[in-house]
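Here's a quick tour of a protein–DNA model, written for someone who likes to know the cut-offs behind the numbers. Have the viewer open and follow along.

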2 protein chains.
Amino acid sequence: MVTYSISEVAKELNLTVYALRYYDKEGLMPFVERTPSGTRLFKESDIEALKIIQCLKSTGMPIKDIKGFIEWCSEGDATLKQRYDMFLERKAAVEAQLEELNRTMDLIRHKCSYYKTALDAGTEDIHKVNKIGSF
Amino acid sequence: MVTYSISEVAKELNLTVYALRYYDKEGLMPFVERTPSGTRLFKESDIEALKIIQCLKSTGMPIKDIKGFIEWCSEGDATLKQRYDMFLERKAAVEAQLEELNRTMDLIRHKCSYYKTALDAGTEDIHKVNKIGSF
DNA sequence: ACTTGACCTAGAGTTAACTAGAGGGCTTAT
DNA sequence: ATAAGCCCTCTAGTTAACTCTAGGTCAAGT
């Protein structure tokens, strides 16, 4: 079976070996096996699991909660409902984040055009004065 | 002129008075005036500025950088280009975040349907076994 | 006059998620 | 057999962004 070293995995997933070892210490990777001398050997399936972990992290889920999910995974079918509910909740969280980020984007775009206009005019006054001064 | 107390502003913007004072200490609110005895008096325009600050924060911009922007604002038209460029950069950052969040959403949705199927079947094996076992 | 409640500053404490350094062990090429 | 390069653990340090506490001021109501 093909395996990967910690630094290969780090490179592949774009994170540091420190971070990977930290995740392991926090209980996010109980499935990763070791050589007799203690070196971690990552399987393809471990890398897939780490991608799920990265996904959950990017929804804003704290590592402790991700650990809980990993534990559910190793408890088998008895925890299917919890895991399903967790993903539904994550989905709602991401939807909310997307909404907020879109609102943010609107404001940013508005500011871009605000400053474009001001820059073309050479002064910000164009925005302040006109309302009163145009009459 | 209508003014607001720090706790009114905190409630309005959905943050704590601690956070507001922290922002002030970090130089994000040099424009907020005080009574002779030192109490902050927030104007309507201050609240608008705080909304921009919140917007920048939600793009992932650190407070130190936001402070830099606030300083540019008080330096007048000489910094128009910097401010414009900053918003363009923020726009790119948010676009990248939206892209990642959408990728995340895809995976989450996939997991939702994965667990829905498993839950209906009563076991996760439905996903593992079928590929080999269905023949 | 005095109590209440909101305000203030300074500074210490908290939390999450790393990040780094010390000290040490395999494995491989010279 | 020894040096290089990667691996390990343990523990301490870092950073951002708050969060809280202590000790004090001030204005309004009773």
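Helix 2 of chain A gives the largest share of the surface near DNA strand C, with four residues. Helices here are DSSP runs (H or I, at least four residues), numbered from the N terminus. Before going on, some ground rules: this is a predicted model, where local features need pLDDT of at least 70 and side-chain atom pairs count only at pLDDT 80 or more, while totals for chains, interfaces and linings use all residues. Residues are numbered from 1 along each chain as its sequence is written, chains are lettered from A and ligands numbered from 1 in the order in which they are written, and side-chain values use heavy atoms, with hydrogens and water left out.

Back to DNA strand C. It has 17 residues around it, and the closest are A:Tyr23, A:Lys57, B:Ser7, B:Arg21 and B:Arg40. "Near" means that one of a residue's heavy atoms lies within 4 Å of the strand. Of the atoms of DNA strand C within 4 Å of the protein, 73% are sugar or phosphate, and bases make up the rest. By class, the surface near DNA strand C splits into seven nonpolar, five polar and five charged residues. For the classes, Ala, Val, Leu, Ile, Met, Phe, Trp, Tyr, Cys and Pro count as nonpolar, Asp, Glu, Lys and Arg as charged, and the others, Gly among them, as polar.

On to DNA strand D, which 18 residues surround; A:Ser7, A:Arg21, A:Lys25, A:Arg40 and B:Tyr23 are the closest.

| Side chain | DNA strand | Distance |
|---|---|---|
| A:Tyr23 | C | 2.8 Å |
| A:Lys57 | C | 3.0 Å |
| B:Arg34 | C | 3.0 Å |
| A:Ser5 | D | 3.1 Å |
| A:Arg40 | D | 2.7 Å |
| B:Lys57 | D | 3.0 Å |

Which elements give two or more residues to the surface near DNA strand D? They are helix 1 (6-13) and helix 2 of chain A, plus helix 2 of chain B.

Now for the protein–protein side. The contact (heavy atoms within 4.5 Å) takes 37 residues from chain B and 37 residues from chain A. The two chains bury about 3500 Å² between them, and 79% of that is on carbon and sulfur atoms. Buried area is the accessible area (1.4 Å probe) that two parts lose on being put together, summed over both. B:Tyr84, B:Leu101 and B:Tyr115 supply 18% of the area that chain B buries against chain A, more than any other three residues.

How many residue pairs are in polar contact across the interface of chain B and chain A? There are ten, both residues of each pair at pLDDT 80 or more. A polar contact is a pair of N or O atoms within 3.5 Å; within protein, one must be able to donate a hydrogen and the other to accept it, and residues adjacent in sequence count only if both atoms are side-chain atoms. Helix 3 (44-58), helix 4 (63-75) and helix 5 (80-121) of chain B each bring at least two residues to the side that touches chain A. Helix 5 of chain B gives the most to that side, with 26 residues. The side of chain B that touches chain A divides into 19 nonpolar, seven polar and eleven charged residues.

Helix 5 of chain B has 42 residues and spans 61 Å from its first C-alpha to its last, close to the expected 62 Å (1.5 Å times one less than its number of residues). Just after this helix, B:Gly122 takes a positive phi of about 85 degrees.

Finally, charge pairing. A salt bridge here is a side-chain nitrogen of Lys or Arg within 4 Å of a carboxyl oxygen of Asp or Glu. The structure holds 23 salt bridges over all chains, and two cross the interface of chain B and chain A. B:Arg83 and A:Glu124 pair up at 3.1 Å, N to O. B:Glu124 and A:Arg83 form a salt bridge at 3.1 Å, N to O. B:Glu124 sits in the loop between helix 5 and helix 6 (125-133) of chain B and A:Arg83 in helix 5 (residues 80-121) of chain A, so this pair joins two chains.
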